[in-house]
Amino acid sequence: MRVSGYAGIAGWRLLLLSVMVGAAIAAATTIGESRSAADSLSVVVASAAPLVLITLAATIVLSVGDLDLSIGGGYTFYGMALLALASLGVSAPAAYVSCFALAVAIGIVQGQMIVRRRLSPLVTTLATATILFGVSLLIEHWMRLRAEGLVAVGQGGAAAIPVISRTLPESYRPIILRYAIPWALSAIILLEYWRRRTLWGLQHVAVGWNRAAAQLAGLPSAAIRTRAFLMSSILSFGSAALVISGFQRGGWDPRAGAGLELIAIMCAVIGGTRIGGGTIEPMGAALAILLWEALAHLQYVSPLVGPETQQLVIGALLLAVAIVGARSTASN
Amino acid sequence: MNRHVVDRETKSETGHELVAAVSGLRFRYPGASAKEEGHWLLDIGSLHIHTNSAYSLLGENMVGKTTLVRVLTGTLDAPSRGYLEGSFCYGAVTGRFPVDPRIVRRVGICAVHQNDMMFDGLSIWENVLLGAPSRAAVRFHGPAARNSLRLTLARLANHEARSEASALGTLSAGGRAMVRTIRAVAWGYRLLVLDEPTVNLDPKNRDRWFFLLGELWTNPASVVLVSHDPEDHTALRNLALRSGRVYKAFKLHDGMLNECE
């Protein structure tokens, strides 16, 4: 089935974001300490890859007109739960499966509370995030955490496709997660396909565009919204699993995901997803998080660039998106 | 006989199959005063809808025509559900009201509602696609639906969108009415319930709309046209009789549904 691209798709936005990522990479090599643009790009792509999943989680929920502030809490909790299970001697595959099941359960329960009980998404997901952060702190307090097993899974194995990491400078290799890139790319491609070529994807954005019209048209709005929270929870788990089995080498901060949900929402909106729902732009969201990481990298390699650059650039972009959005709404 | 047992006589006197049957349908909005308690907005003993038929539902404004459509299709808003009782038999599915709108769609019943609820930011073709009950229907009816849409867009006024990829929001009221109709009629539903489909159309666009309906309406689908305008019913009657279909008209008055000439 061929579903045409939805009206109002902002190709220019993808182009602009690509140019900005390119500019940040170029700046890292000219004014920073990076040896080549390829080095910089490799580092940025690899470090952005797990965050892509988080951003896609926010994108999916926003596209049905809801909001998920539990993404950061979920990310923290799933990481902590994986570590706790590994520390208890549970094998890595069993720990992943258990936490995946937990993510499914939390996603469904949260979705059902918001959709069936008509609770406010903002308050409900904020409450979930707070509870999950609290449980993570409890786990850290009561358990002696070790996770060599999980690190072993992240650093090698049948599913690792080290396409990018081979090109990395030796100094960056220890922090690069080989799993993350193919997983992030797969998630983007799957979501793009789902949105552009399937009836499910179309129904998903239709619910976000006009919930009342979707109900009158007989679309299963409640199921679609619940599914969005479920997908968000699974993607948060995926991101935590990727990071904990590679980047962190066994350690985990019980506040690891604090503020991640806001970065994810910012990047989703900058990437072209409407805050009120009705559009979904996985590629745009991925490019926005890539820009976020490129600016972080620039700050890391160049003494000329301070931490304020990342905040100022992303904040200005967000404001520009809000202004353009308001203008197009007024003209409609 | 228990008034809530649906008469499942599956063939009409003309040999057409039963699509939908309703029995003992009573509805009253919540908050009715003691004086109004005996008064039902809808009080319909039985209603049988068969294939290959056209039905007109007439009635003054505010008599409950739209409420009847919402009750039959399960799209009455939850806060205004009020007091509702009665049984339905849609295809092979029987049950008591309120009916789940997903069941309504699954058994092949599609409604075009009075308020122009569509998806302005999505493309015209995507709006049509959203009427499809399943992927199988898209595969089977998709090419014909797309063709109908292209032909219809080509017939619109010069200033209107000509591409199915254009946003729906670029179309005029007339164009939107056509798209809304294609969205319902193109996917092989067995029963189409059209609630005031021509309400915002000028005479020229109304003629175009009935022409489009005639083009897309395939057997064994039946149409229920809800309108306060007698001209609509005359046009439907002519369309039905020209194509050899059975035509019946009902008038909703004081909650009761009575067959009329």
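The model is predicted, so local features need pLDDT of at least 70 and side-chain atom pairs count only at pLDDT 80 or more, while totals for chains, interfaces and linings use all residues. Residues are numbered from 1 along each chain as its sequence is written, and chains are lettered from A and ligands numbered from 1 in the order in which they are written.

**Stop one: chain B.** Select chain B and you will find 7 helices and 10 strands (DSSP runs: H or I of at least four residues for helices, E of at least two for strands, numbered from the N terminus).

**Stop two: where the chains touch.** Now show both chains: the contact takes 24 residues from chain B and 23 residues from chain A (C-beta atoms, placed from the backbone, within 7 Å). On the chain B side, the elements giving two or more residues are α2 (101-106), α3 (124-129) and α4 (135-155). Of these, α2(B) gives the most, with 4 residues.

**Stop three: α4 of chain A.** Select residues 92-115 of chain A. At 1.5 Å a residue (times one less than the number of residues), these 24 residues should span 34 Å, and the end C-alpha atoms are 34 Å apart, which agrees.

**Stop four: α11 and α12 of chain A.** Select residues 260-270 and 282-301 of chain A. Which residues of α11(A) meet α12(A)? I263(A), C267(A), A268(A) and I270(A) meet A285(A), A288(A), I289(A) and W292(A).

Note on methods
Contact = placed C-beta atoms within 7 Å. Axes fitted to C-alpha atoms, helices over the stretch in contact; angles between N-to-C directions.
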